Amino acid sequence: MDNVNKLIELLENSDNIVFFGGAGVSTESGIPDFRSAEGLYQMGNRIPPEVILSHDFFYRHTKEFYDFYFKHMIYPDVLPNATHILLAKLEQLGKLKAVVTQNIDGLHQRAGSKAVFEMHGTVNRYICLDCNRKCDLNFAHSSYQKSKDVPRCQCGGVLKPDVVLYGEALDQAVIEQSAKAIAEAEVLIVAGSSLVVYPAAGFINYYHGNKLVLINAEATAYDKNANLHFKCRLKEVVEPVLEYFSK
Ligand code: NAD
Ligand code: ZN
């Protein structure tokens, strides 16, 4: 049996699947990741992305932060791809318990997934640093576009994205829910992540089962732990699996 059929069999026989993903899940929607050849790290930015997207840089150079952020992190026209759609489908079928994602693009929810734990937050929410009022991406983006300056709340306060910046701690509730889902999973699918960003990557160590599926275009430090390993683009695996579960 080839590996795609083995994966279908694993998914068919489980009602406790958990997915752990990274930026590679959204590249097929047109959002660049960080570490691929086409990723943000190769785009020749003067200051490395992890410096710009850090807590200190946000407070010290808020305008420069937002110029980078709206140019490179926000893609208003992208759509969920086959991976997002498959995961929503598996949840609907009662097979998948949670999506734990390092992504901040909100595409899992757009595809219809409900149990999504966003370890690094989301570009879809903003909070005012003065009055704590929350607003959405549309509000923040249009404030930035109109003023050609940092996005501001109705009260005039500066808005901060509800994204975990480098140098910031993960949200405690999200940590606990993600760890629990992974620890209790029967099948864990890890995909589209270089697995080098900690503490997020370390969460897969909570898994103690023997059905670890790893799908990534490049090698990772966890390849040897996988029970089923695909070193390829996600669509090559996901499209036939989606076709099977859409019948
Ligand atoms: P990464 O860029 O470090 O690694 C992505 C991995 O996915 C790479 O190993 C690459 O080979 C693989 N990949 C890319 N496209 C693929 C495809 N179509 N099929 C299979 N594999 C593919 O990403 P990371 O591990 O998630 O860490 C980067 C950090 O950047 C995360 O914290 C994430 O929050 C953030 N980020 C998020 C987005 C987003 O929300 N879409 C985009 C860029 C970065
Ligand atoms: Zn305010």
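Author: Start with one term. Buried means under 20% relative accessible area, exposed means over 50%, and partly exposed is in between (1.4 Å probe, protein chains only). Glycine 24, at 16% relative accessibility, therefore counts as buried.

Reader: Where is glycine 24 found?

Author: Glycine 24 sits in the loop between strand 1 and helix 2 (49–52). Helices (H or I, at least four residues) and strands (E, at least two) are DSSP runs, numbered from the N terminus.

Reader: What is glycine 24 in contact with, leaving aside neighbours within four places in sequence?

Author: Asp33, Gly192 and Leu234. Contact means heavy atoms within 4.5 Å. Glycine 39 is 15 residues from glycine 24 in sequence, and their C-alpha atoms are 9.7 Å apart in space.

Reader: Where does the model come from, and how do the numbers work?

Author: This is a predicted model, where local features need pLDDT of at least 70, side-chain atom pairs count only at pLDDT 80 or more, and totals for chains, interfaces and linings use all residues. Residues are numbered from 1 along each chain as its sequence is written, chains are lettered from A and ligands numbered from 1 in the order in which they are written, and side-chain values use heavy atoms, with hydrogens and water left out.

Reader: Now the whole chain. How many helices and strands?

Author: Nine helices and nine strands. The radius of gyration is 19 Å, close to the 18 Å from the globule rule for 247 residues, so the chain is as compact as a globular protein of that length. That radius is taken over C-alpha atoms, and the rule is 2.2 Å times the number of residues to the power 0.38.

Reader: How much of it is buried?

Author: Buried residues make up 51% of the 247 residues.

Reader: Which residues have the most contacts inside the largest nonpolar core?

Author: Leu11 and Phe230, in a core of 28 residues. A nonpolar core is a set of buried Ala, Val, Leu, Ile, Met, Phe, Trp, Tyr and Cys residues joined through side-chain atoms within 4.5 Å.

Reader: Which elements supply it?

Author: Several give at least two residues each, including helix 1 (3–12), strand 1 (17–21), helix 5 (82–92) and helix 9 (234–245). Helix 9 gives the largest share of this core, six residues.

Reader: And what does leucine 11 touch?

Author: Beyond its neighbours within four places in sequence, leucine 11 is in contact with Ile17, Leu90, Lys95, Val187, Ile189, Val241 and Phe245. Apart from this core lies another, of 27 residues, among them Ile74 and Cys153.

Reader: Back to helix 5. Is that mostly covered or mostly open?

Author: Mostly covered, with eight of its eleven residues buried. Leu86, Leu87 and Leu90 are among them. The buried residues pack against helix 1, strand 1, strand 2, helix 6 (107–111) and helix 9.

Reader: Which loop holds leucine 195?

Author: Leucine 195 lies in the loop between strand 7 and strand 8. Its phi is positive, about 55°, although leucine 195 is not a glycine.

Reader: Is leucine 195 buried or exposed?

Author: Buried, because its relative accessibility is 3%. Asparagine 132 also has a positive phi, near 65°. At 54% relative accessibility, asparagine 132 counts as exposed.
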